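Please read the following walk through one protein model with the sequence and the coordinates at hand. The text goes from single residues to the sheet and then to the loops.

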Amino acid sequence: MKLLVTGGAGYVGSVCAAHLLGAGHEVVVLDDLSTGHRDAVPTGATFVEGELGAAAGDVLAGGRFDGVLHFAARSLVGESVEKPERYWDGNVVASFRLLEAIREHAVPRLVFSSTAATYGEPDQVPIAETAATRPTNPYGASKLAIDHMMTSYANAHGLAATSLRYFNVAGAHLGDGHRLGERHAVETHLIPLVLQVAAGTRESISIFGDDWPTPDGTCVRDYIHVDDLADAHLLALEHATAGRHDIYNLGSGHGFSVLEVVETCRRVTGHPIPAVVAPRRAGDPAVLVAAGDRAAEQLGWKPSRTEIERIVSDAWEFTRHR
């Protein structure tokens, strides 16, 4: 298939592009490089530099495409609270323009990088796709708005639409000649922040609360290896059905606490990694774990790289040799 990957110079987008190439697909990457990196675009992909809303139509007009994988987005929760206009414009308006370009050029499939932030603070864990969607910040709300747009385009225009709601993506892609991992200008994810301490670029890691209702008092999150995530995107392309919008949660179904992650990073790196307990952050749920039954039953997807040591080890390998 010929596929457009928006945001394919970013962390998840670049890894998925590499998997698509490995599966024999023709890949065009569209990225404005505002947060992505030109050297993250996998060898073999065609690269187009441009903004999503302005350039997607021109790219899709350049030839028959079989699908779009949409990763381009603003994704900083704190920034979304302080500057929500950036998220309604950069995520929602730009995605609307992409959907219009998809409709105009009769692209049959769309796989969207959604998020567990659409659920907000859950009433029940593990979180199923039937859980109430109550995002607690504009970032999650913007992703949910795109999900709603996709439902309407599937119903009205026959689009085969899939939203993949990620939990905590981590690790790195180290195979097939590519080394792709996290290197955000503003890092907010736990594992790369802890590894920055081991690498000597950060003095300590902050643990936001040690009095949560969890076994060791720290928050519990569901971590998914980025290569497992990429596998799910290929399966979503295969199983997309015209006129339907399917939503799948992607996680391992098992959580690790902040302290467990820090201890794992200490073992993997051999570094003591000082940790400092800080006050709880407003809006942080105690536990976020995915129910992955729907993805297993309908896509045949089950993550295989679920050991936290494997996830941390791959991330550390990328950090040391990037």
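Arg 310 has a relative accessible area of 36% and is therefore partly exposed; in this text buried means under 20% relative accessible area, exposed over 50%, and partly exposed in between, with a 1.4 Å probe and protein chains only. The model is a predicted one, in which local features need pLDDT of at least 70 and side-chain atom pairs count only at pLDDT 80 or more, while totals for chains, interfaces and linings use all residues. Residues are numbered from 1 along each chain as its sequence is written, and side-chain values use heavy atoms, with hydrogens and water left out.

The side chain of Arg 310 meets that of Asp 314 in a salt bridge, with 2.8 Å from N to O. A salt bridge here is a side-chain nitrogen of Lys or Arg within 4 Å of a carboxyl oxygen of Asp or Glu. Arg 310 and Asp 314 are four residues apart in helix H10 (residues 308–321), so about one helical turn separates them. Helices (H or I, at least four residues) and strands (E, at least two) are DSSP runs, numbered from the N terminus. Asp 314 counts as buried because its relative accessibility is 11%.

Helix H10 also holds Glu 317 and Arg 320, which are three residues apart, about one turn of the helix. Their side chains form a salt bridge at 3.0 Å, N to O. Glu 317, at 24% relative accessibility, counts as partly exposed, and Arg 320 is partly exposed with a relative accessible area of 46%. Through salt bridges that share partners, Arg 179, Glu 317 and Arg 320 are joined into one network.

How many salt bridges does the structure hold? There are 16 salt bridges. One of them links Glu 100 with Arg 103, whose closest N and O atoms are 2.8 Å apart. Both residues lie in helix H4 (residues 84–104), three residues apart, about one turn of the helix. Glu 100 counts as partly exposed at 25% relative accessibility, and Arg 103 counts as partly exposed at 41%.

The next topic is the sheet. Seven strands form an open sheet with parallel pairing, in the order E3-E2-E1-E4-E5-E6-E10. Strand E3 (46–49) and strand E10 (245–250) stand at the edges, and each has a single partner strand, so one side of each is left without a neighbour in the sheet. On average, neighbouring strands of this sheet are turned by 20 degrees against each other, direction ignored. Two strands pair if DSSP finds at least two bridges between them. Strand E1 (residues 2–6) and strand E4 (residues 67–70) pair in the parallel sense over four bridges. Within this pair, Leu 3 has Gly 67 in E4 as its bridge partner.

Helices lie across these strands. Helix H2 (residues 52–61) lies across E1, strand E2 (26–31), E3 and E4, and runs at about 155 degrees to E2. Helix H7 (residues 226–239) lies across E1, E4, strand E5 (109–115), strand E6 (160–166) and E10, at about 165 degrees to E6. For these angles, axes are lines fitted to C-alpha atoms, for helices over the stretch in contact, and angles run from 0 to 180 degrees between N-to-C directions. Contact means heavy atoms within 4.5 Å.

A cis peptide bond, with omega about 0 degrees, joins Val 125 and Pro 126. Pro 126 lies in the loop between E5 and helix H5 (138–157). Leu 33, in the loop between E2 and E3, has a positive phi of about 60 degrees although it is not a glycine. At 25% relative accessibility, Leu 33 counts as partly exposed. Ala 106 sits in the loop between H4 and E5, and its phi, near 55 degrees, is a positive value in a residue other than glycine. Ala 106 is partly exposed, with a relative accessible area of 44%.

Is Gly 209 buried or exposed? Gly 209 is buried, with a relative accessible area of 4%. This glycine is found in the loop between strand E8 (205–208) and strand E9 (220–225). Leaving aside residues up to four places away in sequence, Gly 209 touches Gly 217, Thr 218, Ala 278, Pro 279 and Arg 280. The C-alpha atoms of Gly 209 and Phe 65 are separated by 48 Å, the two residues being 144 residues apart along the chain.
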